[in-house]
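Please read this briefing alongside the sequence and the model shown below.

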Amino acid sequence: MSATLAPTPQISPMPSDTASGLELISPDRTNSSAPQWFFERSANAWGEFQKLPVPSIKDESWRYSNAKRISLNSIHPAEAANEHLEAAAVAASEGLATAGARFVFVNDRLVVSETQGLPEGVVCLPLEEALQSHSALLEEHFMKRESFLGSAKFASLHLAHVKAGVVVFVPAQMEIENPIEVFHWIKGANAAIFPHTLVITGDHAKVSVVDHYRSDDGVVGLSCAVSDVIAGNGSSITYVACQELGNEGQALHLSSTTAQKDSLVKSFQAQLGAGFSRTESVSNLVGAGSRSDMLSVSMPIADQVVDQRTLQRHLAPHTFSDLLYKNALYDRSRAIFSGLIHVFEGAHYTDAYQTCRNLLNSEEAEASSMPGLEINADQVKCSHGSASSPVSEEELFYLKARGIPDAEARRLIVLGFLKNALGRLENEVVEAMIIARMEEKFARIAVQAAV
Amino acid sequence: MSLKITNLHAGLPDREILKGLNLEVKPGEVHAIMGPNGSGKSTLSKVMAGHDDYAVTSGEVMLDDINLLELSVDARARAGLFLAFQYPHEIPGVSNANFLRAAKKARLPEGEEIDAIKFYKEMYARMDALEMDRSFTSRSVNEGFSGGEKKRNEILQLMMLEPKYAVLDETDSGLDIDALKIVARGVNAMRSPDRGFLLITHYQRLLDYIQPDFVHVLMDGKIVHSGGRELALELEAKGYDWLKEEELATA
Ligand SMILES: Nc1ncnc2c1ncn2[C@@H]1O[C@H](COP(=O)(O)OP(=O)(O)OP(=O)(O)O)[C@@H](O)[C@H]1O
Ligand SMILES: [Mg+2]
């Protein structure tokens with residue numbers, strides 16, 4: 001067992017004559033009916049993207065990672081998939097048992113939109129439509145958050161190309177019971193998608209939103225997703241990202257949550273697919289009495305890399321944040337966790353916690369954790385901890401001594417290990433969905449073990 | 001048909017613990033093994049179950065006509081061997097019910113599912129017999145259980161899995177007097193002409209409740225003396241020293 005990583009080979013700056021693919025293909029906005037401000041922001045972002053260097057492992061925020069795993073030059077913005085592929089994606093979009101609304105995007109094109117279950121007054125629209133009908137709201141909130149965790153270049157790339165995704169605005173006092181569920185598919189080789197999610201609640205409103213990112217095995221593709229969640233006073237938002245790209249996929253997920261006074265935000269990452277996945281999750285506690293729960297599970301296999309960067313920003317007094325990231329690693333996979341708790345001046349009486357746990361199913365799997373604290377206020381309660389340990393041989397023996405085969409014994413132990421992060425969601429429908437997705441992964445592990 | 005141990009030598013890489021052990025348990029029989037601390041009783045049970053701390057250097061363990069030593073840990077259990085541990089392990093995050101269900105399912109033909117209603121009915125009936133509260137079904141396996149609760153949980157598993165041969169390692173230790181009676185009742189209910197038992201114990205008291213057909217003394221990795229029930233009483237009165245002397249005399 002090892003808790004540290006050997007440094008990955010250094011990335012040399014990309015010579016411009018080899019630049020191709022996303023490095024060069026400028027966004028196509030010809031058929032867009034978006035407002036002027038959007039075109040301007042998007043065009044600026046394209047300029048920014050081209051100026052910014054590809055992150056290297058020399059950057060602190062990319063330590064132990066490898067930005068080269070995100071290949072840009074072989075990839076182009078996804079083109080519309082044929083009907084057959086779209087139908088296949090829709091058929092394979094199984095998720096929640098009950099959803100309040102459902103969208104399926106294939107290659108950034110809207111294919112399914114079911115919103116009839118939502119109460120009147122709720123805004124729940126595909127991005128392209130929302131840009132027209134709610135231009136002012138979007139102008140205020142759309143991609144206004146700074147990139148703190150190292151992916152400014154990819155955030156710019158996203159803004160330059162974005163056209164798909166869902167905008168949710170729940171007016172004050174309104175509660176939506178069943179989650180809004182969105183599927184984003186990459187179909188076809190070397191395609192990139194740029195899914196966007198924006199969730200805003202008015203005072204004392206309540207909503208939950210689930211994003212799925214999926215693609216098929218054996219196909220290179222990139223999902224460069226952004227989600228921003230803004231909770232109004234006393235409101236409650238649960239946001240779930242469930243990433244199941246195929247083994248050749250690359251997944252980026254840049255997210256922020258902003259919790260205003262007395263609001264409650266839960267965000268959950270289920271990183272189950274992709275050869276390389278990186279999540280950057282920022283929690284802004286801007287209102288007194290707000291609370292943020294940051295939760296994550298992953299189970300990388302083979303050579304998968306799960307790279308997790310988090311930031312808990314306490315900007316107001318009496319704020320509470322609690323982070324629990326759990327990774328169950330197999331084979332030669334790697335998990336990187338880097339998290340910072342930042343308590344700003346004046347954010348007195350802050351409680352901030354951060355825990356990362358790694359369970360190793362293989363001696364070759366590697367997990368590295370870099371927890372951090374920066375405290376500039378008084379009366380603060382903070383703790384952070386990370387630990388890695390192999391699956392207990394004694395636990396395995398006990399289960400096997402009851403006749404349970406090795407793979408099933410490990411499944412029980414891993415599920416048990418990951419479950420307490422799930423339990424924190426306190427949402428049975430969502431928990432059941434994530435467990436079902438994890439079972440898909442266990443089935444893969446079983447198949448692989450049988451080979 | 002029997003659980004038959006022949007000339008078993010086993011131990012740690014640098015230390016032999018079992019030094020030529022012979023024992024045969026036939027279906028329907030109850031054998032008790034007694035012996036001083038550290039003589040190798042738990043080692044014997046774990047070697048039979050296949051714990052990989054221990055290596056077998058020679059000898060044989062046959063379960064009916066199956067060579068147990070050739071099987072993996074889980075296959076041995078499915079072949080019909082059950083070991084109630086002296087120190088049952090805690091498994092955080094895995095509920096007792098899911099655990100038992102997985103163990104039951106492992107015994108079904110590939111692809112067949114457990115009938116959930118039947119399963120719960122059976123589990124509740126067994127738990128009632130052991131006077132175990134229903135809350136133990138949703139609690140993680142053995143986690144935070146008291147010593148006695150863990151032992152009851154072992155017997156619950158025995159009852160649910162219905163093995164051909166059961167080895168109970170100091171199931172009586174840690175039990176209060178009432179619990180001892182309850183557990184003994186559970187074990188007695190499982191006695192049948194088709195099932196053999198091997199009870200490892202330090203106390204003759206257990207044998208008042210579960211009456212053995214044979215009593216063996218294990219010392220320094222070997223069975224040094226065997227007899228009927230009355231041997232347990234004799235050991236209780238005299239301790240083990242006289243057997244050591246006897247060993248020396250015959251050596
Ligand atoms: N995994 C192990 N590592 C080191 N020593 C061991 C191990 N297993 C057994 N031993 C040693 O082997 C000897 C036999 O141990 P075992 O547990 O079988 O004794 P026992 O007869 O069950 O004793 P008790 O009556 O105290 O339960 C002891 O000296 C013990 O310390
Ligand atoms: Mg012992």
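Which side chains meet in a salt bridge? The side chains of Glu154(B) and Arg402(A) do, at 2.7 Å from N to O, where a salt bridge is a side-chain nitrogen of Lys or Arg within 4 Å of a carboxyl oxygen of Asp or Glu. This is a predicted model, in which local features need pLDDT of at least 70 and side-chain atom pairs count only at pLDDT 80 or more, while totals for chains, interfaces and linings use all residues. Residues are numbered from 1 along each chain as its sequence is written, chains are lettered from A and ligands numbered from 1 in the order in which they are written, and side-chain values use heavy atoms, with hydrogens and water left out.

**Interface**
- In chain B, 29 residues are in contact (heavy atoms within 4.5 Å) with 18 residues of chain A.
- The two chains, B and A, bury about 1900 Å² between them, 67% of it on carbon and sulfur atoms, buried area being the accessible area (1.4 Å probe) that two parts lose on being put together, summed over both.
- On the chain B side, the most area is lost to chain A by Phe85(B), His89(B) and Ile91(B), which together account for 25% of what that side buries.
- Across the interface of chain B and chain A, the rule finds one salt bridge.

**Largest pocket**
- The volume of the largest pocket is about 590 Å³, taken as the space filled by probe spheres set on grid points joined across faces, edges and corners; on a 1 Å grid over the protein atoms alone, a pocket is an open set of points where a 1.4 Å probe fits, with protein on both sides within 12 Å along at least five of seven lines.
- Among the 23 lining residues (an atom within 4 Å of a point), Glu408(A), Arg411(A), Ala102(B), Lys105(B) and Ala106(B) are the closest to the centre of the largest pocket.
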